Amino acid sequence: MTRPQEVDTAQIRARYPDVFERPASARLATPAMIAAALAILIYGFVDLDFSPSRFFAGLSQLGWITLMMIPPDPGSSLPIYLKALGETLSIALLGTTLAAVFALPVSLLAARNIVPSNILRFPVRRFLDSIRGVDTLIWALVWINVVGLGPFAGVLAIAVADFGAFGKLFSEAIESADQKQVEGIRASGGSALHEIRFGLMPQVLPVIAGQVLYFIESNTRSATIIGIVGAGGIGLQLAEQIRVLEWQRVSFLILMILVAVAAIDFISGKLRFAIIGRRAVA
Amino acid sequence: MTTAVSILPAQQLAALNAAYRQAVSRRRLRLLLGTAIFAAALVLAAIGAEVNLRTLFSYFGNFVSYFDRILTLENGQRVWTDVGEWFWGWRKWLKMLAETLLISYVGTLIGATFAFALNFFAAENTSPAPWLRFVVRRLLEFARTVPGIVFALVFVIAFGLGPMAGVLAIAIHSTGALGKLFSEIVENADMKPVEGIRSTGASWLACMRFAIVPQVTAGYASYALLRFEINVREASVMGFVGAGGIGQELVVAIRKFYYSDVSAILLTIIVTVFIIDIATGWLRGRLFGKEART
């Protein structure tokens with residue numbers, strides 16, 4: 001056994017003052033942040049009407065609701081629900097495709113390596129940002145005012161909301177593309193359009209296809225909820241059944257949504273692998 | 001200097017050319033097939049979603065004029081000519097906005113806490129038992145897949161109208177989403193510290209606390225901030241189903257055609273989302289360096 005060397009604490013302390021006596025600001029930073037976070041949390045509980053009695057009353061109510069949900073039972077409306085589910089999937093597919101088609105040209109305008117001018121790019125980016133700042137549900141409400149209740153409003157809502165997201169994602173994909181191939185096309189005398197078509201697109205399209213597939217997947221989820229404000233699909237049925245407290249039907253509808261989302265997940269995962277190989281999709 | 005490009009004899013060339021053409025035509029065929037299937041799916045979807053291009057074209061003017069209308073005050077002037085009149089309800093709206101932010105803050109914090117408690121059971125490398133991992137993963141998946149607003153609809157009935165339902169809905173949805181992301185961070189963590197601590201005879205809890213947590217806190221905080229950003233958006237629509245926040249004001253304004261109010265509230269929401277985006281981005285960059293900005 002070797003005994004540890006005698007250490008002269010005072011000497012070490014003198015040599016590394018920072019380790020032994022961290023300045024008060026550094027020592028207090030973490031507790032102060034935690035205290036501030038907790039203070040806001042407690043203020044939030046008070047301000048948002050949280051009370052233990054209300055919470056536990058709600059919890060027992062929730063327990064009853066869960067019990068009443070078992071077993072899931074569509075009643076006699078299974079065909080209607082299946083049709084609504086088909087509607088939801090249609091909304092997701094159409095909305096995403098529309099968004100992708102319109103976002104591609106705009107994303108070129110927002111990409112640094114295509115439009116070098118900051119002045120031109122800035123408004124396009126802010127425009128896309130403000131579209132993204134508005135939730136799909138709000139867009140659905142707006143479109144309902146324009147084309148009336150029904151799934152078509154849902155398609156347009158998803159298309160507009162995703163247009164903003166795609167514009168940003170596509171332009172990022174374009175910006176991260178390898179510039180050498182574009183230069184190669186330019187060196188062989190290609191025009192600007194040739195550069196985009198043969199230099200950029202072959203690199204960017206697989207990435208974009210992956211993103212579009214991913215969005216179809218996530219839009220299946222969004223499409224289920226826009227029905228709540230009246231824009232068609234299974235959300236409409238779900239909101240109605242919740243309002244009339246038909247809990248068995250509600251649980252059946254939720255199960256249907258879960259199964260549909262899982263199925264779409266599975267399919268699009270396979271397709272993504274087929275299109276872009278085993279590369280991860282951002 | 002001359003470069004010699006060797007040209008193959010015609011016979012060999014013809015065979016190569018034929019093979020090349022065959023490969024190209026096979027690829028084209030596959031592409032064509034894929035496009036055809038996709039187009040067919042689109043047509044089917046269009047029928048399913050009752051797409052009516054005539055409605056769209058005849059009403060598209062409405063869409064444009066809708067924005068014209070929401071940017072016009074009741075006296076027929078543009079909204080920005082009289083900002084005081086445009087934002088007449090700013091006191092009330094700011095209060096609702098603060099409530100929205102509070103809902104997303106409390107919801108995110110509760111969700112992150114639960115996700116933190118659960119994610120070690122869901123991660124492949126730290127879960128104490130396979131059956132526990134399976135159960136926790138399915139639980140998180142459920143919380144993640146059911147949209148937040150559906151939870152809100154149910155909670156409004158169980159807990160009564162008001163922001164509490166919104167907070168709980170956001171908390172549950174965040175638990176699901178963050179639980180998955182957190183457990184992925186844990187799966188990427190270095191296991192050597194765990195082995196080191198276990199070799200001293202420490203319990204599972206001590207292993208997590210002293211080997212895993214120090215590695216992952218930065219990632220956790222980064223994802224939680226990102227989630228907060230998303231939850232602000234989510235909370236802004238919770239009011240649609242009566243679960244508190246500024247969405248309540250917005251849906252009333254849209255449904256009752258208070259046009260200039262719609263644009264004022266929308267602008268408030270957009271600006272807030274911008275500010276939160278920038279602030280959390282800055283905070284993440286500040287706290288965790290550039291690489292954590294995903």
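Visitor: How many Å separate the centres of domain 1 and domain 2 of chain A?
Guide: In this predicted model, the centres are 38 Å apart, taken over C-alpha atoms.

Visitor: Which residues does each of those domains cover in chain A?
Guide: The domain assignment puts domain 1 at 9-67. Domain 2 is given as 78-276.

Visitor: And what are the domains of chain B?
Guide: For chain B, the assignment gives 18-50 as domain 1 and 84-292 as domain 2. The C-alpha centres of those two domains lie 40 Å apart.

Visitor: What scores does the model get?
Guide: Its ipTM is 0.76 and its pTM is 0.79. For chain B, the mean pLDDT is 85. In that chain, 96% of the residues reach 70 or more.

Visitor: Why care about pLDDT?
Guide: Where it is low, the predicted coordinates should not be read in detail.

Visitor: Let's zoom in. At what angle do α5 of chain A and α1(B) pack?
Guide: About 120°, with the axes 8 Å apart. Helix α5 of chain A spans residues 78-109. With that angle, α5(A) is oblique to α1(B).

Visitor: Is their crossing left-handed or right-handed?
Guide: The crossing of α5(A) and α1(B) is left-handed.

Visitor: Which residues meet there, in α5(A) and α1(B)?
Guide: From α5(A), you have A:Gly86, A:Glu87, A:Ser90, A:Leu93, A:Leu94 and A:Thr97. They meet B:Ala41, B:Leu42, B:Ala45, B:Ala46 and B:Gly48 in α1(B). By class, this contact of α5(A) with α1(B) has six nonpolar, four polar and one charged residues.

Visitor: What about α7 of chain A and α2(B): how do they pack?
Guide: Helix α7 of chain A, residues 136-147, packs on α2(B) at about 125°. Their axes are 8 Å apart. So α7(A) is oblique to α2(B). The crossing of α7(A) and α2(B) is right-handed.

Visitor: Which residues touch in that pair, α7(A) and α2(B)?
Guide: On the α7(A) side, look for A:Val142, A:Asn145, A:Val146 and A:Val147. In α2(B), they meet B:Thr55, B:Leu56, B:Tyr59, B:Asn62, B:Phe63 and B:Tyr66. The contact of α7(A) with α2(B) counts seven nonpolar, three polar and no charged residues.

Visitor: Last topic, the backbone. What kind of peptide bond joins A:Ile70 and A:Pro71?
Guide: A cis one, with omega about -5°. A:Pro71 sits in the loop between α4 (52-69) and α5 of chain A.

Visitor: And A:Leu245: is its phi positive or negative?
Guide: Positive, near 60°, in a residue other than glycine.

Visitor: Where is A:Leu245?
Guide: Find A:Leu245 in the loop between α11 (234-243) and α12 (247-276) of chain A.

Definitions and conventions:
Residues numbered from 1 in each chain as written. Chains lettered and ligands numbered in written order. Predicted model: local features only at pLDDT ≥ 70, side-chain atom pairs only at ≥ 80, totals over all residues. Domains from an automatic or database assignment. Axes fitted to C-alpha atoms, helices over the stretch in contact; angles between N-to-C directions. Helix = DSSP H or I, 4+ residues; strand = E, 2+ residues; numbered from the N terminus. Parallel < 35°, antiparallel > 145°, perpendicular 65-115°, else oblique. Left-handed = near helix turned anticlockwise from the far one by under 90°. Contact = placed C-beta atoms within 7 Å. Nonpolar A, V, L, I, M, F, W, Y, C, P; charged D, E, K, R; others polar. pLDDT = per-residue confidence, 0-100.
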